[in-house]
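Me: I'm new to this one. Can you walk me through it?

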Amino acid sequence: MTILKKDDFNKKIFSKIENLIVQYNLIENGGDNIAIALSGGKDSVLTLHSLVKYQNISNIDFDLTAISVDEGIRGYRHHGIDSAIKNTEKLGVDLIQKSFYEEVGFTLDDIYHHFKSACIPCGVFRRNILNKTAFEIGADKIATGHNLDDEIQSFLMSFSRADTVKFSKFGPMLSMIHPKLIPRIKPLWNTSEKDVGTWAVMNNIDIHLDECPYSSISLRGGKTKNFLNQTESKNPGTKENIMESFKKMMLNIKTPKNNINECKKCGEPSSGLICKACEIIDLIDSS
């Protein structure tokens, strides 16, 4: 059995992230303003640490701000917010805190029962609040903690639904398709979830370890993730092979630029006349 040494492992994982940033030009020189979506979990915390490290060692001039969104999940979310506060204070990064309750008037606990899965309203409102906040502070890009496992899970879920429109949303960097829709970058795009967890444990990083109480009823958490982990356990390298196939087939697919409107109610970018956030608010108000 090979014994992992902390310094060697840290060098390996940060080099992989830095190489991805350079290869795909995720951060451009000349004052990029990067907003980090910081939940306090291991993936977003590694994203924070890796971008601060890259900021310190590279010759590229860019700014960092972290944004945390409190969905309002009793007994769960406050641990993540605490982790976000501690890590940003330690690294000297400004943290903006937002919440469902302050932005839309209710918590996820208040409304989840209206939906087949709590992930539906959670994802819509988190993306909406994160994008609005990033736009307000003049961010050029939003860095998310999506890792290799997340990417191939999303790919397989879309593939199984024949949802080919979503294919254009995969990849380490998404294009600007609307002036008010801040593009995403994914510095952990080719870093496995296992490596992220190993980094957090080996370095004794303050992270939010609890699993979301609603995750057991989601397609990703309940089925796709378990299937991939079981397959990887029996056939090591499966996840990397899926990613390689994905890169060869899908990365050249571009998002159409002519299908984004502005919501007639709130003015946010939307693929329809009314954005999903406003649709959900209308649904809840009428219930």
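**Overall fold**

Reply: The protein chain has 11 helices and 7 strands, where helices (H or I, at least four residues) and strands (E, at least two) are DSSP runs numbered from the N terminus. The radius of gyration is 19 Å, close to the 19 Å from the globule rule for 287 residues, so the chain is as compact as a globular protein of that length. That radius is taken over C-alpha atoms, and the rule is 2.2 Å times the number of residues to the power 0.38.

Me: Where does the model come from, and how are residues numbered?

Reply: The model is predicted: local features need pLDDT of at least 70, side-chain atom pairs count only at pLDDT 80 or more, and totals for chains, interfaces and linings use all residues. Residues are numbered from 1 along each chain as its sequence is written, and side-chain values use heavy atoms, with hydrogens and water left out.

Me: What share of the residues is buried?

Reply: Buried residues are 48% of the 287; buried means under 20% relative accessible area, exposed over 50%, partly exposed in between (1.4 Å probe, protein chains only).

Me: Switching to His-79. Where is it found?

Reply: His-79 is in helix α3, residues 77-91. It counts as partly exposed because its relative accessibility is 34%.

Me: And what does His-79 touch?

Reply: Leaving out residues up to four places away in sequence, His-79 touches His-208 and Asp-210; contact means heavy atoms within 4.5 Å.

Me: How far is His-79 from Asp-150?

Reply: Their C-alpha atoms are separated by 22 Å, and the two residues are 71 apart along the chain.
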